[in-house]
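Today I want to look up the pockets and then the cores.

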Amino acid sequence: MINKSNLYFTTGEFAKLFNVSKSTLFYYDEVGVFSPIIREENDYRFYAVEQIEVFEVIVTLKELGMSLKDIKEYMENRTPENFITLMEEREKIIDDKISYLKEIKQFFRKKADLVRESLCVDTNKVEIKEYPDEYLIPIKTEINNEKDMAVYLANHIKFCVDKNIYSPHPISGMQDYENISNGIYYKYLSFYTKITPEQLPLLLSNNVPYILKKKGKYIVAYHSKGYYSLDEVYDKIFNFIKENNLETTRNFYEDVLLDELSIKGYENYMVQISIQVK
């Protein structure tokens, strides 16, 4: 009788070699990815020394993000040619992941910068600032109530995700001068996501429509009490326009600076309101 303890590994011993659970080995056997070389009538399982390298290959392919189904197919049909093809495919996938992670890293950095800048603004002040060209991805709206607004916001988020556009700027909105002057604050002309200039080539290559917020002088004010009391800051802006005898364009831009990602409660959102001076 062969002493298997000297020639083979039990399930527990083999699992320990690779720091995996016994249940993982049982499952791999069940789906046909990796099976013990000996299975006795009492269901004792034994793995051979030469299976160590095979399992190492499986672990490596798993770390490369392959599914067990794909691993099984490759292991059953592995050849040098198939290996080269597999590695080229995985390299492309890894390159795509690296590109995505770089975008996310840039998103976090710019988001933190925006929040940091927001903490320094004076919410009591109305002023004129010079701004460069800015690029906005709009979603036109026909809003009659807050429920409509929520639907359009959800649609806009889905659109940006589908187009692979990740902006550090929260969704914001464009308002009509006439509506605001008449106390109508919910009837947005459009929602939009502001993008960075570096993202413009992506928009062009994906045929994403955008609008240009033209460079120039803008009247700017900030509000840190959310949307339900925006009339307070709009009153300040209208007084500023009147006192300084200014003429403006017809669109207000409500840019969200602090939202749920960085502050708790809708009533604590910080909004920057701007309108261009002619």
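**Entry 1: second largest pocket.** I'm working on a predicted model here. I began with the second largest pocket, where helix 6 gives the most to the lining, with 4 residues. I put its volume down as about 550 Å³. I get 26 lining residues, and Leu-114, Glu-117, Glu-134, His-169 and Lys-194 lie nearest the centre. At least two lining residues each come from helix 6, strand 4 (126–131), strand 5 (134–140), strand 7 and strand 10 (251–258). By class I noted 13 nonpolar, 5 polar and 8 charged residues in this lining.

**Entry 2: largest pocket.** Two or more lining residues come from each of helix 6 (80–118), helix 7 (146–162), strand 6 (172–176), strand 7 (190–195) and helix 10 (230–243). Which element gives the largest share of this lining? I checked: helix 7, with 8 residues.

**Entry 3: cores.** I then went through the nonpolar cores. The largest has 22 residues, and I listed those with the most contacts inside it as Ile-219, Tyr-227, Leu-230, Tyr-234, Ile-237, Phe-252 and Ile-273. Helix 8 (177–181), strand 9 (216–223), helix 10, strand 10 and strand 11 (270–276) each give two or more residues to this core. Helix 10 gives the most, with 6 residues. Apart from this core I found another one of 17 residues, with Phe-18, Leu-25, Tyr-28 and Phe-34 among them.

I also clicked on Tyr-227 to see what the residue touches. Leaving out residues up to four places away in sequence, I got Tyr-188, Glu-254, Val-256, Tyr-266, Tyr-269 and Val-271.

**Entry 4: the whole chain.** Last, I stepped back to the overall picture. I count 10 helices and 11 strands in the protein chain. How does the radius of gyration sit against that of a compact globule of 278 residues? The globule would be near 19 Å, but the protein chain has 30 Å. The C-alpha trace spans about 105 × 40 × 35 Å along its principal axes. I have 37% of the 278 residues down as buried. Of the contacts between residues at least 6 apart in sequence, 68% join residues at least 24 apart.

Note on methods: Residues are numbered from 1 along each chain as its sequence is written. This is a predicted model: local features need pLDDT of at least 70, side-chain atom pairs count only at pLDDT 80 or more; totals for chains, interfaces and linings use all residues. Side-chain values use heavy atoms; hydrogens and water are left out. On a 1 Å grid over the protein atoms alone, a cavity is a set of points where a 1.4 Å probe fits but cannot get out, and a pocket is an open set with protein on both sides within 12 Å along at least five of seven lines; lining residues have an atom within 4 Å of a point. Grid points are joined across faces, edges and corners, and a volume is the space filled by probe spheres set on the points. Ala, Val, Leu, Ile, Met, Phe, Trp, Tyr, Cys and Pro count as nonpolar, Asp, Glu, Lys and Arg as charged, and the others, Gly among them, as polar. A nonpolar core is a set of buried Ala, Val, Leu, Ile, Met, Phe, Trp, Tyr and Cys residues joined through side-chain atoms within 4.5 Å. Buried means under 20% relative accessible area, exposed over 50%, partly exposed in between (1.4 Å probe, protein chains only). Contact means heavy atoms within 4.5 Å. The radius of gyration is taken over C-alpha atoms; the globule rule is 2.2 Å times the number of residues to the power 0.38.
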